[in-house]
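Student: I should like to examine how the terms applied to a structure follow from their definitions. May we begin?

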Amino acid sequence: MQYKLQYNIRQIGQAQLGLRYLYKMSLAVSLRRALLVLLSGAIFILTVLYWNQGVIKTQAYSEAQLRPHNHRDRYHFSIPVEKSWTYKCENDRCVRTSYRKNAANTKRVSFISCSMTCGDINIWPHPTTKSLISAHTLRFSVEDVQLRMDSPHREVAKQLKVAFDWFVKDLRQIQRLDYAAHTAESAAASAFVSESTSRHEPAETPPAASLFSSTFGLHRAGDLDSLQVKLSVHDSSELNFNLDNNESYHLSTTFEHRRLVVHITAHSFFGARHGLSTLQQLIWYDDEDRLLHTYASSLISDVPKFRYRGLMLDTSRHFFSVEAIKRTIAAMGLSKLNRFHWHITDAQSFPYVSRYYPELAEHGAYSESETYSDQDVKEIVEFAKIYGVQVLLELDAPAHAGNGWDWGPKRGLGELSLCINQQPWSFYCGEPPCGQLNPKNNHTYLILQRLYEEFLQLTGPTDIFHLGGDEVNLDCWAQYFNDTDLRGLWCDFMLQSNARLKLANGNVAPRHVVVWSSALTNTKCLPNSQFVVQVWGGSTWQENYDLLDNGYNVIFSHVDAWYLDCGFGSWRATGEAACSPYRTWQNVYKHRPWERLRLDKKRRKQVLGGEACMWTEQVDENQLDNRLWPRAAALAERLWSDPNDDHDFDIVSPEVFRRFSIFRNRLVELGIKAEALFPKYCSQNPGECI
């Protein structure tokens with residue numbers, strides 16, 4: 001009995017051991033199944049991530065492109081899709097024909113794809129030295145774009161990385177992706193690989209999609225797995241603007257194994273930045289396959305003809321927001337203009353809030369909301385540098401200084417400005433309201449010195465500064481100093497202002513000090529070794545020759561060609577009418593003052609460049625874009641490449657018209673409300689209207 005009991009106990013124990021074994025076995029199977037499920041899920045998630053990063057599966061892109069194009073879409077995408085037309089290149093001209101899908105399923109050719117592969121290279125401004133492109137094009141998405149940096153200069157590499165991020169942001173907009181949530185700082189779609197000649201650092205990990213495609217042998221949509229932009233800057237570590245900056249660049253491409261490498265080499269950051277602007281124009285969006293396109297092979301060498309290529313904006317007659325100014329600067333960068341001349345104050349208003357003298361804005365701004373803080377100015381300056389554009393702040397003096405300067409007696413500083421709001425205005429100033437700084441009040445010069453100091457701190461080291469000097473009215477001063485040599489008084493004011501500028505600049509005189517031309521600039525009291533004259537008068541006026549003969553370097557801004565505010569009628573009841581007629585883009589483009597004045601080689605060297613001016617008596621933020629663009633871009637090509645022109649006055653070649661029209665559309669793609677050049681029919685049918 002005892003034996004049976006022991007036997008039964010032993011059997012029960014063995015059964016328990018068996019159950020434990022079965023339990024462990026089943027647990028192991030369950031774990032294996034769970035691991036298989038997790039692995040399958042991980043593979044699925046990686047696959048989804050990979051294809052979501054690709055072109056066809058990009059959610060924002062797919063939703064935007066696949067839904068019907070209603071009226072709302074037409075305004076969202078400023079260049080609408082034209083599904084009913086296809087284009088064919090014939091004799092270097094794109095010919096439009098009706099398109100209907102047929103049994104052969106012939107692919108529609110979009111207008112931009114035809115334009116970019118038909119005829120001469122479609123870049124504005126046209127390269128100066130060499131430009132070769134292949135007929136073979138490649139399709140890709142912005143997610144394929146990567147950056148490789150090749151520079152021993154850490155700060156240059158850092159600044160180029162920021163510029164590249166904004167370049168990618170523009171490409172996202174061109175490709176019509178949902179870029180709003182992708183700030184320039186978080187454009188993580190680009191990989192950044194650093195190659196330094198002075199130190200060896202590990203390359204950053206490539207995007208997960210690249211690893212995934214390499215591992216599993218998969219290809220993304222389009223013809224490329226990657227488009228690498230290699231930026232090489234070895235010679236110069238300079239990031240401060242000066243007129244001796246080397247802005248040349250060389251761009252070349254190599255294509256193999258589904259990888260396109262665009263190599264931009266430059267002596268300086270500024271040349272490399274121009275190379276990025278050119279590369280942006282070598283890329284276009286094709287609405288047929290919903291991809292970006294570029295050339296399989298490109299070779300461009302480029303350098304500007306003139307060092308100073310400017311655009312002036314007056315923010316006193318009307319206030320312009322920080323965003324409007326930044327939008328203007330971005331368009332300048334694309335067209336390779338390099339100096340933003342900010343006429344920030346005038347007699348009408350003083351919108352700059354000075355740290356030292358806030359009374360100027362308190363008494364002179366239109367409203368509290370229509371002012372620029374030092375942080376606003378700094379933001380604009382830093383943004384402009386990303387696009388290779390220098391900001392030059394001008395505080396016009398001694399004239400054009402009225403509202404904002406009337407608080408001196410309350411502070412015990414005496415009259416800082418004279419003739420403020422005096423009537424009849426036409427006796428004492430060029431336009432209402434009047435106001436002209438007091439040349440015999442030392443407090444006036446101290447305030448100017450402090451303002452210059454603020455401006456220089458905000459814009460950074462520079463070899464060029466604008467002192468103003470526009471339209472001084474001696475009759476205003478004559479009321480107070482009628483026993484004085486008034487011309488000599490103007491000379492003393494400008495020289496004292498220049499001395500204060502030197503003190504504000506750490507006792508270092510800027511190499512170039514710019515003043516506006518007037519009847520007073522030919523008094524020869526300003527040293528021609530330092531002073532540059534911005535010539536705003538007519539291109540046939542004698543002052544052009546006199547200033548050059550007197551040895552001054554000049555910047556041309558002739559009113560009869562490069563004043564973009566002209567042609568909108570008079571806004572005042574008395575005095576001379578506003579300048580007219582309207583300056584067309586052809587007027588701007590055809591103006592070659594160095595040719596019209598028949599300057600010899602010596603005098604041509606005295607021409608630093610030119611500047612288009614936008615005075616804003618009749619322009620506010622609602623008109624800014626279409627008053628400036630694309631006309632300012634016409635100046636950009638004149639000053640960058642200065643192409644020869646044998647056509648009659650105001651007649652441009654069809655080739656120039658074609659390139660200019662494409663560039664205008666590029667501005668519109670980027671949100672610039674640029675003026676139309678001709679009916680859209682003419683755009684769709686190149687050569688038929690011209």
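Tutor: A salt bridge is a side-chain nitrogen of Lys or Arg within 4 Å of a carboxyl oxygen of Asp or Glu. This is a predicted model, in which local features need pLDDT of at least 70 and side-chain atom pairs count only at pLDDT 80 or more, while totals for chains, interfaces and linings use all residues. Residues are numbered from 1 along each chain as its sequence is written, and side-chain values use heavy atoms, with hydrogens and water left out.

Student: Why is the pair of D642 and R592 called a salt bridge?

Tutor: The closest N and O atoms of D642 and R592 are 2.9 Å apart. The limit is 4 Å, so the pair qualifies as a salt bridge. D642 lies in the loop between α19 (631-640) and α20 (654-669), and R592 in the loop between α15 (585-590) and α16 (593-596), 50 residues apart. Helices here are DSSP runs of H or I with at least four residues, strands are runs of E with at least two, and both are numbered from the N terminus. Both D642 and R592 are buried, which means under 20% relative accessible area, whereas exposed means over 50% and partly exposed lies in between (1.4 Å probe, protein chains only).

Student: How do you know whether E359 and R411 are buried or partly exposed?

Tutor: E359 has a relative accessible area of 15%, so E359 is buried. R411 stands at 43%, and therefore counts as partly exposed. These two residues form a salt bridge with their closest N and O atoms 2.1 Å apart.

Student: What class does each partner of the salt bridge between R327 and D625 receive?

Tutor: R327 has a relative accessible area of 25% and is therefore partly exposed. D625, at 5%, counts as buried. The closest N and O atoms of this pair are 3.0 Å apart. R327 belongs to helix α8 (residues 322-335) and D625 to helix α18 (residues 624-628), 298 residues apart.

Student: How many salt bridges does the whole structure hold?

Tutor: A search of the whole structure finds 30. Salt bridges that share partners join D314, R317, D346, E431 and E617 into one network.

Student: How do you know that the length of helix α13 agrees with expectation?

Tutor: The expected span is 1.5 Å times one less than the number of residues. Helix α13 (residues 486-504) has 19 residues and should therefore span 27 Å; its end C-alpha atoms are 27 Å apart, which agrees. Among the buried residues of α13 are W490, F493 and M494. Just after α13, G506 takes a positive phi of about 70 degrees.

Student: What makes β10 and β11 a pair of strands?

Tutor: Two strands pair if DSSP finds at least two bridges between them. There are 3 bridges between β10 and β11 (residues 291-295), so the two strands pair, and they run antiparallel. W284 stands opposite H293 in β11. The open sheet has 3 strands in the order β4-β11-β10.

Student: Why are β4 and β10 called edge strands?

Tutor: Each of β4 (137-140) and β10 (284-286) pairs on one side only.

Student: What joins β18 to β15 and to β19?

Tutor: Strand β15 (residues 390-397) is joined to β18 by 2 bridges, running parallel, with A397 opposite G468. Strand β19 (residues 512-516) pairs with β18 in the parallel sense over 4 bridges, and H512 is the bridge partner of I464. Strand β18 (residues 464-468) is mostly covered, with 5 of its 5 residues buried.
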